[in-house]
Amino acid sequence: MKKVVFLALGYPHVEKSTILYTDLMQEFARKGHDVLVVAPAFQKNDYGCRIEGDVKVLRVATLPLFRVGAIRKGIANLLLPFQYKKAIKNYTNDLDFDLIILPTPPITLITVASWLKKVSSGKVYLILRDIFPQNAVDLNMMKKNGLFHKYFRRQELKLYNASDTIGCMSKANVSYLKYHNPEVKSEKLHLLPNWEKLPLPISQDDINQISEKFKITDKFVAIFGGNLGKPQRMENIVNLAKSCEEYKDIFFLILGSGTEQGTVQRLISKFNLSNIKLIDRLPKKEYIQVLAAADVGLISLSEEFTIPNFPSKVLTYFGLQKPVLASLDLQTDFGQMLEETKSGLWAEAGETKKLKDKLLWLYKNKEERMKMGVNGYNHMKSNLTPEIAYETIMHEISNI
């Protein structure tokens, strides 16, 4: 398994930012693999192949894939496999890859993966992080059994069948795929939890400075960081803040951007809330510092979901030893994980009073919430690092 190609949708420049996929590919490189990442270019002068970190990254000209409407995004994703295939052909004739890795989203890159598998006889490993198109149906972004749904459903099954092995975020994800896709061989499915590098220690001076900058000194801070989209159902976080107005030292911070950013700001203005602040996406280093200054990390999932999601942002909370408070749909087993690891509390999405009660328990029980933070950190250290994800992938591939 010397030569590895990774077909990415989002892959930041590692000197500017890192995500779970950059961490994973760096781990492959550290283990001696020859890694090629194929990813969208961020701007015109970004085209071509260069070394980023320890891996080769081939940046491809694509249509805009992020912060665009659903139709433009759909067209961009449909064109993606053709653009990737052309870019790979232009870059090299040496296509003897041993391992072809691709994550979801999107599902359309299966065309490229299948082509590479055919010309190289390499194995295809699917990192399943998004069950599409069902998630789009759940969020009323696509009509069930409509033309688009039928097309993408066929692509989804093609993706599963072409993959040699499939890593799922949680046990509930494994069960969901088995139940809804009986034609897919169950032995392909296994557990591959999300992963993230453990953060470097953050000094108290840095925490004090960031607290002063964002005016959260002497506040009990509940923080939500990451994408602000329909899956996150941000109304539930704003409603929680509204319910806590009488507690003058409880403050909510929402850090991030996405399609629902405007909705969040409108709700804050509508309710005239002074205990919550929306801040646009920050540089990774500053984002981590703000999280380190918080008391609780917030998770929110839409109650409309019929698929089990497992939010990756929890890893940053765990890495910084923050207890978790989650507003969850009843399909996910994320709440079960919090209970088993004693790393946080949760309530059903839409149940504002129950969520408030859990927040106030954390607010009033400092010693217990500190223990939860340590528990989350220990769980991450033992189960949720790039090194462990790498070993899981290589173990599953070697058993094919």
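Modeller: A residue is called buried when its relative accessible area is under 20%. The model we are discussing is predicted.

Colleague: How many aromatic pairs does the structure hold?

Modeller: The structure holds 9 aromatic pairs. Tyr 21 and Trp 195 make up one that is edge-to-face, with 6.1 Å from centre to centre and 70° between the planes.

Colleague: Where in the chain are Tyr 21 and Trp 195?

Modeller: Tyr 21 belongs to helix H1 (residues 20-30), while Trp 195 is in the loop between strand S8 (189-191) and helix H7 (204-213). The pair links distant parts of the chain, 174 residues apart.

Colleague: Are Tyr 21 and Trp 195 buried or exposed?

Modeller: Both Tyr 21 and Trp 195 are buried.

Colleague: Why is the pair of Tyr 247 and Tyr 363 called edge-to-face?

Modeller: The ring planes of Tyr 247 and Tyr 363 stand at 75°, with the centres 5.8 Å apart, so the pair counts as edge-to-face. The cut-off for that label is an angle over 60 degrees.

Colleague: Which parts does that pair tie together?

Modeller: Tyr 247 lies in the loop between helix H8 (235-243) and strand S10 (250-255), and Tyr 363 lies in helix H13 (residues 352-364), so the pair ties together parts 116 residues apart in sequence. Tyr 247 is partly exposed, with a relative accessible area of 22%. Tyr 363 also counts as partly exposed, at 22% relative accessibility.

Colleague: Back to Tyr 21, please. Which residues form one aromatic cluster with Tyr 21?

Modeller: Phe 6, Tyr 11 and Trp 195 form one aromatic cluster with Tyr 21.

Colleague: What sits over the ring of Phe 97?

Modeller: The charged end of Lys 3 does, 5.0 Å from the ring centre. Elsewhere, Lys 242 lies over the face of Phe 271, at 5.2 Å from the ring centre.

Colleague: Let us turn to the nonpolar core. Which residues touch the most other members of the largest one?

Modeller: The largest nonpolar core has 45 residues, and those touching the most other members are Leu 7, Val 38, Ile 88, Leu 116 and Tyr 160. Leaving aside residues up to four places away in sequence, Ile 88 touches Leu 7, Val 38, Leu 58, Leu 95, Val 112, Trp 115 and Leu 116. Another core, of 35 residues, lies apart from the largest one and includes Val 221, Ile 223, Phe 251 and Leu 301.

Colleague: And how many cavities of 30 Å³ or more are there?

Modeller: The count comes to 3 cavities of that volume. The largest cavity holds about 50 Å³ of space.

Colleague: Which residues line the largest cavity?

Modeller: Its lining includes Met 169, Pro 193, Asn 194, Phe 310 and Leu 384.

Conventions:
Residues numbered from 1 in each chain as written. Predicted model: local features only at pLDDT ≥ 70, side-chain atom pairs only at ≥ 80, totals over all residues. Heavy atoms only, no water. Phe/Tyr/Trp six-rings, centres within 6.5 Å; stacked < 30°, edge-to-face > 60°. Helix = DSSP H or I, 4+ residues; strand = E, 2+ residues; numbered from the N terminus. Buried < 20%, exposed > 50% of the residue type's maximum accessible area, 1.4 Å probe, protein only. Lys NZ or Arg CZ within 6 Å of the ring centre and 35° of its normal. Core = buried A, V, L, I, M, F, W, Y, C linked by side-chain atoms within 4.5 Å. Contact = heavy atoms within 4.5 Å. 1 Å grid on protein atoms, 1.4 Å probe; cavity = no way out; pocket = protein on both sides within 12 Å on 5 of 7 lines; lining within 4 Å. Points joined across faces, edges and corners; volume = space filled by probe spheres on them.
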